[in-house]
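Work through the following exercises with the sequence and the model side by side.

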Amino acid sequence: MRHQVRTADGRALTVERWGDPEGRPVFLLHGTPGSRLGPAPRGMVLYQRRMQLIAYDRPGYGGSDRHPGRTVADVAQEVATIADSLGLDAFAVAGRSGGAPGALACAALLPDRVTRTAAMVGLAPWDAEDLDWFAGMADSNVQEYTAAFDDPEELAARLIPRADGIRKDPGRLLDELRQDLTANDRMIVSDAGLRSMLLRNYREGLRTSAYGWIDDALAFSRPWGFDPADIRCPVLIWHGELDVFSPVGHSRWLGRRIPGATTTIDPAGAHFAALRALPDVLNWLLRDVPAPPVSEQQPA
C-alpha cells in the first residue's frame, strides 16, 4: 500500500507499507542513496511474522518533496507524522546505512512511542568525541563528506552528474563501488534477486533529482540535533567489521555512547552484509512489541 502524507509545513512524504496491516509495526529507514523500495523481506514473510513494515522516501528522494537544510533530528518528526496518519501509537524503528542515524533520532526524540531501535552499518555524529571519523573509510566517501562540510556547492557539482548517470543506469552505482567491495559484499550483491531490488531502489531514489543524496550528506556532516546518550529504549547496533563505507569504529563509538546498547559485530561481514542480517534484526525488534489478537490479524 502506497500513499502520501503531508508534513506540518505542507511537504509531501511518499510512504509504502507491506505485510499485515494489523500486524506489529516497524519503520524501516533506507540507505544513502535510496528510497522506500529498498531491500526488505517479502510480504508473505511479514504476514507470517504478523508484522507490518513501513518505509518512506526521505525528503528529496523518490516521491518526497525536498526539505533544504534538514537535519538528522527531522527524521523523528517525519516518522511521527506518518505514524499518526496510520493510527500507530507505538512502533519499532530500524535504519540501515544512511537510515541508521534517523533511527537513532526516533529513539532519542520519540521516547514514548519507540519500543526498540536498530542501527545497522551506520555513522556516528560528525562531532563525536574521541572518534577519528574518517579512519577506515573509502576515499570516495571521505571526499564526499569533506565536500559536504567544506563546500556544499562542490558536493552538488559532484553528485548531480553522478546521480544523472545512475538514474539512466542504476547498475552504475554498484559498478562504481565494486573496487571497494569485499569478496563477501560482492557475493551478496551478485545475487540476482537482491541486485534487482537494489537497482529498483536506486532508480526510484534518484528519479527526480540528486537532492535527497546531497541533503543526506549535508545532514550527516552537521550537528545531528540530539545526543545518542539520551536514548533510553533498547538499541541494537549491527556492523560488519570490514565495512569501508561506514567504518565499524562508528558503531563501536555508538555502542559506548548509548546506555545499555547491544553491539553486534560480524567479523567477516562488510556493508552489504546488513541485508543478510535484516531478518534477525527485525525479529529482535519485535520481542517487546505486543501483537494484536490473531482474530484481528487475518488478511481480507
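**Exercise 1.** Determine why α9 is described as largely enclosed by the rest of the structure.

*Solution.* Begin with burial, where buried means under 20% relative accessible area, exposed over 50% and partly exposed in between, with a 1.4 Å probe and protein chains only. Nine of the ten residues of α9 are buried, so this helix is largely enclosed by the rest of the structure. The buried residues are G212, W213, I214, D215, D216, A217, L218, A219 and F220. Next, look for their partners, taking contact as heavy atoms within 4.5 Å: the buried residues of α9 pack against α3 (100-109), α4 and α5. Helices here are DSSP runs (H or I, at least four residues), numbered from the N terminus. The model is predicted, with local features needing pLDDT of at least 70 and side-chain atom pairs pLDDT 80 or more, while totals for chains, interfaces and linings use all residues. Residues are numbered from 1 along each chain as its sequence is written, and side-chain values use heavy atoms, with hydrogens and water left out.

**Exercise 2.** Describe how α5 and α9 pack, giving angle, axis distance and the residues that meet.

*Solution.* Helix α5 (residues 152-168) and helix α9 (residues 211-220) then pack at about 145°, their axes lying 9 Å apart. On the α5 side, P152, L155, A156, L159, I160, R162, A163 and I166 take part, and they meet Y211, W213, I214, A217 and L218 of α9. Sorted by class, this contact has twelve nonpolar residues, no polar ones and one charged.

**Exercise 3.** Characterise the largest cavity by its volume and its lining.

*Solution.* A cavity is a set of points on a 1 Å grid over the protein atoms alone where a 1.4 Å probe fits but cannot get out, and lining residues have an atom within 4 Å of a point. The structure holds three cavities of 30 Å³ or more, and the largest has a volume of about 320 Å³. Its lining comprises 21 residues, of which T32, P33, S97, F245 and H271 lie nearest the centre. Two or more lining residues come from each of α4 (139-150), α6 (171-177), α8 (192-205) and α9, and the largest share, three residues, is that of α4. The lining of the largest cavity divides into ten nonpolar, eight polar and three charged residues.

Terms used. Axes are lines fitted to C-alpha atoms, for helices over the stretch in contact, and angles run from 0 to 180 degrees between N-to-C directions. Ala, Val, Leu, Ile, Met, Phe, Trp, Tyr, Cys and Pro count as nonpolar, Asp, Glu, Lys and Arg as charged, and the others, Gly among them, as polar. On a 1 Å grid over the protein atoms alone, a cavity is a set of points where a 1.4 Å probe fits but cannot get out, and a pocket is an open set with protein on both sides within 12 Å along at least five of seven lines; lining residues have an atom within 4 Å of a point. Grid points are joined across faces, edges and corners, and a volume is the space filled by probe spheres set on the points.
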